[in-house]
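Please open the model in your viewer and keep the sequence beside it, as this tour goes from one selection to the next.

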Amino acid sequence: MTPQRVTLITLGVTDLARSKAFYGAMGWTPTADEGEVVFYQINGMVLGFFGLGPLAKDQGRPDAKLGTGAMTLAQNFTTEAEVDAAYALALKSGATALKAPEKVFWGGYSGYYADPDGHVWEVAHNPFWELNADGSLTLPAHAD
């Protein structure tokens, strides 16, 4: 078993149809739609959206009040112009602006938006990380 991996990230949403419409407006296409949950295949893993109530029940804690915004999902791009375009598309699709893309202290360029349920996304260009041809990221090895 490979312990350092993630195969599926599931985000709780208040309105699954609204989430599907938002991500659809950004060009995302569901791979599987199970009614209460929808899945998107992304670079070797899956991102799912699940209604908050059904997700809490599935977790074995039906009375839990699930929240959002305490973590950040990120998309890296090869240029600052691609970051700007992704940010603009998100806002056009219904995202809430949190921080417009700008040069940042660590030498890159990034911005943040929230999807309709408050899930925070970063869009970034990191000049120190080279993206693979499929847009995925493999961190450079560091010698000790």
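**Starting at the surface**

In this predicted model, begin by selecting phenylalanine 128, which is exposed, because its relative accessible area is 56% and exposed means over 50%. You will find phenylalanine 128 in the segment after strand 8, the strand that covers 120–125.

**Turning to the aromatic rings**

Aromatic pairs come next, and the count for this model is seven. Select tyrosine 23 and tryptophan 121, a tilted pair whose ring centres are 6.3 Å apart and whose planes make an angle of 55°. This pair links distant parts of the chain, since tyrosine 23 belongs to helix 1 (residues 16–25) and tryptophan 121 to strand 8, 98 residues apart.

Move on to tryptophan 28 and tyrosine 40, which form an edge-to-face pair, 5.6 Å centre to centre with 75° between the planes. Tryptophan 28 lies in the loop between helix 1 and strand 2 (32–33), while tyrosine 40 is in strand 3 (residues 37–42), so the pair ties together parts that are 12 residues apart in sequence. Tryptophan 28 is buried, with a relative accessible area of 16%, and tyrosine 40 is buried as well, with 2%.

To finish, select Phe22, Tyr23, Trp28, Tyr40, Phe49 and Trp121 together, as these residues form one aromatic cluster.

Definitions and conventions: Residues numbered from 1 in each chain as written. Predicted model: local features only at pLDDT ≥ 70, side-chain atom pairs only at ≥ 80, totals over all residues. Heavy atoms only, no water. Helix = DSSP H or I, 4+ residues; strand = E, 2+ residues; numbered from the N terminus. Buried < 20%, exposed > 50% of the residue type's maximum accessible area, 1.4 Å probe, protein only. Phe/Tyr/Trp six-rings, centres within 6.5 Å; stacked < 30°, edge-to-face > 60°.
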